[in-house]
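Welcome, and please have a look at the sequence and the 3D view below. A short tour of selected features comes after them.

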Amino acid sequence: MSEKKVIAVVGATGAQGGGLVRAILADPDGGFAVRALTRDVTSPAAQELVKLGAEVVQADNYDEASLVAAFTGAYGGYLVTNFWAHMSAEKELVEAANLANAARRAGLRHVIWSTLEDTRDHIPVTGDRMPILQEKYNVPHFDAKAEADELFRAAGVPATFLRTTFYWENLASGWGATRDADGVLTLSLPMGDSKLAGIAVEDIGRTAYGIFKAGNDYVGQTVHIAGEHLTGAEIAAGLSRAVGEPVVYRPLSHDAYRALGFPGADEAGNMLQYYTEFDEYFTGVRDLEAVRRLNPELQSFEQWLAVNGHTIPRD
């Protein structure tokens with residue numbers, strides 16, 4: 001049997017990277033092996049990956065030399081940044097530059113860069129449609145990732161640009177339903193009647209694995225992914241079934257959502273405004289059947305709820 005192609009996975013103990021690690025390890029005859037990159041190889045999450053059969057190595061997105069060492073000898077890499085760890089577009093761009101340069105220096109033959117749309121293609125930052133954030137962005141964690149696409153092109157890295165979307169898992173955290181003053185579970189996402197493109201985070205990794213298995217077919221391509229496109233009312237109906245009591249959809253305005261005051265509320269409000277006002281574009285470029293060809297196990301919201309409904313807060 002030929003030697004397996006090693007995929008170096010950045011953020012392997014996180015949501016997206018962890019999904020890809022598990023997808024590779026679940027397919028021992030698929031021709032791929034995994035090298036899991038993490039800042040702390042002694043963490044419980046890293047040690048769990050060791051038990052599953054992954055090679056685990058230390059690397060840090062802010063240390064280009066450590067990335068080069070971790071990438072060397074690998075065939076490909078899955079590269080991702082976590083904006084919410086620092087909420088800084090500037091830091092994301094530093095990370096992305098290090099990842100692109102390290103991928104070039106190590107000679108990776110196929111990189112998947114986890115990215116998003118540049119909202120400024122639709123909403124100029126010269127107007128007053130939404131607050132300008134961090135001096136030049138509408139939605140910094142979207143716009144900076146999109147800016148970083150060019151870093152990979154400029155470095156000559158053979159890359160696939162994987163445009164992700166809203167995680168269904170967010171609905172089990174602060175983005176989900178909460179009880180109003182009358183005790184009614186209420187979903188307040190400011191989406192109006194627009195459709196939200198959502199995905200189970202595990203499916204991001206599975207779809208990335210499908211791209212790697214396709215060889216060079218997707219090098220230089222942009223792949224937009226989602227699991228299902230649903231209105232807020234449809235999401236609330238699904239949550240109702242999962243928790244066993246009514247969840248009412250009462251969308252806030254985008255300004256009201258931005259005013260909620262939690263860390264990143266302005267960022268989240270701008271993002272949801274973009275989702276709302278450009279849903280036809282955003283859902284339109286995310287062809288669910290095309291995603292399903294890469295990932296036959298792609299989950300609908302209902303399928304995700306069947307497994308994860310117990311994580312939805314009832315309080």
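## Basis of the model

This is a predicted model, where local features need pLDDT of at least 70, side-chain atom pairs count only at pLDDT 80 or more, and totals for chains, interfaces and linings use all residues. Residues are numbered from 1 along each chain as its sequence is written, and side-chain values use heavy atoms, with hydrogens and water left out.

## A parallel strand pair

Strand 2 (residues 32-38) and strand 3 (residues 55-58) run parallel and are joined by four bridges; pairing requires that DSSP finds at least two bridges. Within this pair, T38 stands opposite Q58 of strand 3.

Together with helix 2 (residues 44-52), strands 2 and 3 make a right-handed β-α-β unit. Helices here are DSSP runs of H or I with at least four residues, and strands are runs of E with at least two, numbered from the N terminus.

## Two packed helices

Helix 7 (residues 232-243) packs against helix 12 (residues 301-308) at an angle of about 25 degrees, and their axes are 10 Å apart. The two are therefore roughly parallel, a label for angles under 35 degrees.

On the helix 7 side, I235, G238, L239, R241 and A242 meet F301, E302 and L305 of helix 12; contact means heavy atoms within 4.5 Å.

## A buried asparagine

N270 is found in helix 9 (residues 265-277). N270 counts as buried because its relative accessibility is 0%, the cut-off being under 20% relative accessible area with a 1.4 Å probe, protein chains only. Leaving aside residues up to four places away in sequence, N270 touches M130, P131, L133, N138, V139 and R258.

Conventions
Buried < 20%, exposed > 50% of the residue type's maximum accessible area, 1.4 Å probe, protein only. Right-handed = clockwise from strand over helix to strand, strands pointing away. Axes fitted to C-alpha atoms, helices over the stretch in contact; angles between N-to-C directions. Parallel < 35°, antiparallel > 145°, perpendicular 65-115°, else oblique.
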